[in-house]
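Morning, everyone. I have one structure to walk through today. Let me put it on the screen.

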Amino acid sequence: MPLHEPSPYEVLGIPPTAGVREINLAVGPAMRQGRYSRQQIQDAAALLRNPDRRLELDIQQPLPPEPVDGVAELLRPVLEEPLLVVDRPPVTPAALLVVRREELAADFAEPAPASTAAEPPVPAQFAADLSVLPPIEIPE
């Protein structure tokens, strides 16, 4: 059922807890009111009489919000203490810059042509050491 159509409960004027007897009794008054067409009323009653389709409808319908008793009591600790505002100096764009052009140029510089290594050297700050390697058992 599309969301823009009225709920079958609304068409028949019954609560979601109504049983088959209440559904059958609500069809006559709904017809007399004339708010909805005869076809809409019959479709709503048929849908609510079918347990599988009714369950599907009930699952798709959002529940109304439940009242919360003692809201003021629940929020009292939050409302009594003032918010802590920390004065911080304004953030400048230079403070946000982490990677500098000189660092990038040094890290990704072309290796010296005299090197015969198959791969370019890894910059020292990115080199793996024993702290990042998993324990290795060397067979004898």
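At what angle do α3 and α4 pack, and how far apart are their axes? Hold that for a moment. This is a predicted model, in which local features need pLDDT of at least 70, side-chain atom pairs count only at pLDDT 80 or more, and totals for chains, interfaces and linings use all residues. Residues are numbered from 1 along each chain as its sequence is written, and side-chain values use heavy atoms, with hydrogens and water left out.

Now the answer. The angle is about 100°, and the axes are 5 Å apart. Axes here are lines fitted to C-alpha atoms, for helices over the stretch in contact, and angles run from 0 to 180 degrees between N-to-C directions. So α3 is roughly perpendicular to α4, a label that covers 65 to 115 degrees. On the α3 side, the contact uses L47, L48 and R49; α4 brings P51, R53, R54 and L57. Contact means heavy atoms within 4.5 Å. Helices are DSSP runs of H or I, at least four residues, numbered from the N terminus.

Stay with α3. It has 12 residues and reaches 17 Å from its first C-alpha to its last, close to the expected 16 Å. That expectation is 1.5 Å times one less than the number of residues. Its buried residues are I41, A44, A45, L47 and L48. Buried means under 20% relative accessible area, with a 1.4 Å probe and protein chains only. What covers them includes α1, α2 and α4.

A45 has a relative accessible area of 2%. Leaving aside neighbours within four places in sequence, A45 is in contact with L12, I23 and V27. A44 is at 5%. With residues up to four places away not counted, A44 touches P8, V11 and L12. A44 and S7 are 37 residues apart in sequence, yet 7.9 Å apart in space, C-alpha to C-alpha.

Last, the core. A nonpolar core is a set of buried Ala, Val, Leu, Ile, Met, Phe, Trp, Tyr and Cys residues joined through side-chain atoms within 4.5 Å. The largest one has 16 residues, and L12, I14, I23, I41 and L48 touch the most other members. α1, α2 and α3 each give two or more residues to this core. α3 gives the most, with five.

Methods:
Buried < 20%, exposed > 50% of the residue type's maximum accessible area, 1.4 Å probe, protein only. Parallel < 35°, antiparallel > 145°, perpendicular 65-115°, else oblique.
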